[in-house]
Amino acid sequence: MDVAIVKYNAGNIGSVENAVKRLGIEPVVTDNVELIQSADRVIFPGQGEARSTMNYLKAHRLDEVIVSLKQPVLGICIGMQLLCRHSEEQDTDCLGVFDVDVKRFMPQRHEEKVPQMGWNTIEDVKSELFAGFERPEFVYFIHSFYVPTCDWTIATTDYIQPYSSALHKGNFYATQFHPEKSGKVGERILKNFIALK
Amino acid sequence: MLAKRIIPCLDIKDGQTVKGTNFVNLRQAGDPIELGKLYSEQGADELVYLDITASHEGRKTFTELVKRIAQEINIPFTVGGGINELSDVDRLLNAGADKVSINSAALRRPELIDEIAKNFGSQVCVVAIDAKCEDDMVHENGDPQIDGDWVCYVNGGRVPTQYKLFDWAKEVNERGAGEVLFTSMNHDGVKRGFADAALRKLTDTLTIPVIASGGAGAKEHFRNTFINGNSDAALAASVFHFGEIPIPELKQYLRDEGVNVRI
């Protein structure tokens, strides 16, 4: 099983690499187009800001490469937001795999701090990504922008309002939370992604 | 709903976990990575690794240990101690830390907070504040001293500054910190509960999460800081290191008390 992790100007990529290694798989962290295209699984991770990461992807032609991938792809956090159509963060046009726009959290009460940082539950899960889940499980989030619920939603989370904590369309999967930091639950999600048919 | 977080703190000296009472009398309490894994399996929500001697000895933090922690631990962790400049932050984040905690360096040069937020994002920047209430009227029980002057200290609680807790916390928030980790030096090591009145004032005022630290001695203290202090997270060391409060038992208790925790 060849797992490629897309290397670009986002933070936190090493955490995903470590998490995949803990599953007993040696991933390659790369921005090499051939290596990404030939991998069995591609993970598009990251923590960062939409405009600067999109600019980097375009400058390295990774934007075209990512949207044309045919194998299972998993976007994580900013990786998920970049797979959407547009982000309110710096008014950025994104990759457009998911036909939905990324919004900024607007707190309604003092307790609703932005970014959302910490553990929250994923509910209404419907995907092989969550195979074996029998109750709403806690996963780890850090984000200030969110994807509204839409046709591609495969998990929802409630923070300020219910929103998409995971998406799926064709060979593209994405999570707003960080499976690589979500303990045993996150490990199961990564295992399920690797095991996709 | 976002869960309240339980955070074991591992104070590190010479690669080992230690915990003192009021910052002195260090005792050995185990291997940092083994202990971290154990806590993670027991349901700790995050870990904090603090190089407690780094600040006053001018030592740089322990990048190699951080790399190993990042390889082994599958929950978020923060590192602190001896972080003086942006290059220290860069090195520790590259080694795999999720967040860095700065303390003395921020009080000496507050612009460091802005720089970290701008270069790496607010979410990685935890500002730790050690403060002591100079009011001698510390009560036997209940919640002491909110009205007295809380003075911020640097160098592991050794040197007082001119900064006052609530002013400094507000400035830290405005400069772009992602979280405040407030340790009451009056409460630390005494095991009579967290400084909940002061914490309440912080959580009512700030727009970022506040981690309560100093004073955990019983399960009720965690309940109280979450409910009365409205703390977003609670940090403790010795009650976990010496098995006085097992984390699974603590979380079940908190859930039974109506506190939203991850189980």
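Visitor: What stands opposite A:His86 in E6(A)?
Guide: A:Asp93 does. This is a predicted model, where local features need pLDDT of at least 70, side-chain atom pairs count only at pLDDT 80 or more, and totals for chains, interfaces and linings use all residues. Residues are numbered from 1 along each chain as its sequence is written, with chains lettered from A and ligands numbered from 1 in the order in which they are written.
Visitor: How many bridges join E5 to E6(A)?
Guide: Two, and the strands, E5 being residues 84–87 of chain A, run antiparallel. Strands here are DSSP runs of E, at least two residues, numbered from the N terminus, and two of them pair if DSSP finds at least two bridges between them.
Visitor: What's the strand order in that sheet?
Guide: E6-E5-E7-E10 in chain A, an open sheet with mixed pairing. E6 (92–93) and E10 (145–146) each have a single partner strand, so one side of each is left without a neighbour in the sheet.
Visitor: Switching to E3: which way do its residues point?
Guide: In E3 (residues 41–44) of chain A, A:Arg41 and A:Ile43 point one way, A:Val42 and A:Phe44 the other, and all are buried. Buried means 20 or more other C-beta atoms, placed from the backbone, within 10 Å of a residue's own.
Visitor: Which strands does E3 pair with?
Guide: E1 (residues 3–6) of chain A pairs with E3(A) in the parallel sense over three bridges, with A:Arg41 as the bridge partner of A:Val3. E4 (residues 73–76) of chain A is also parallel to E3(A), over three bridges, and there A:Phe44 has A:Gly75 as bridge partner.

Definitions and conventions: Helix = DSSP H or I, 4+ residues; strand = E, 2+ residues; numbered from the N terminus. Buried ≥ 20, exposed ≤ 12 C-beta atoms within 10 Å, placed from the backbone.
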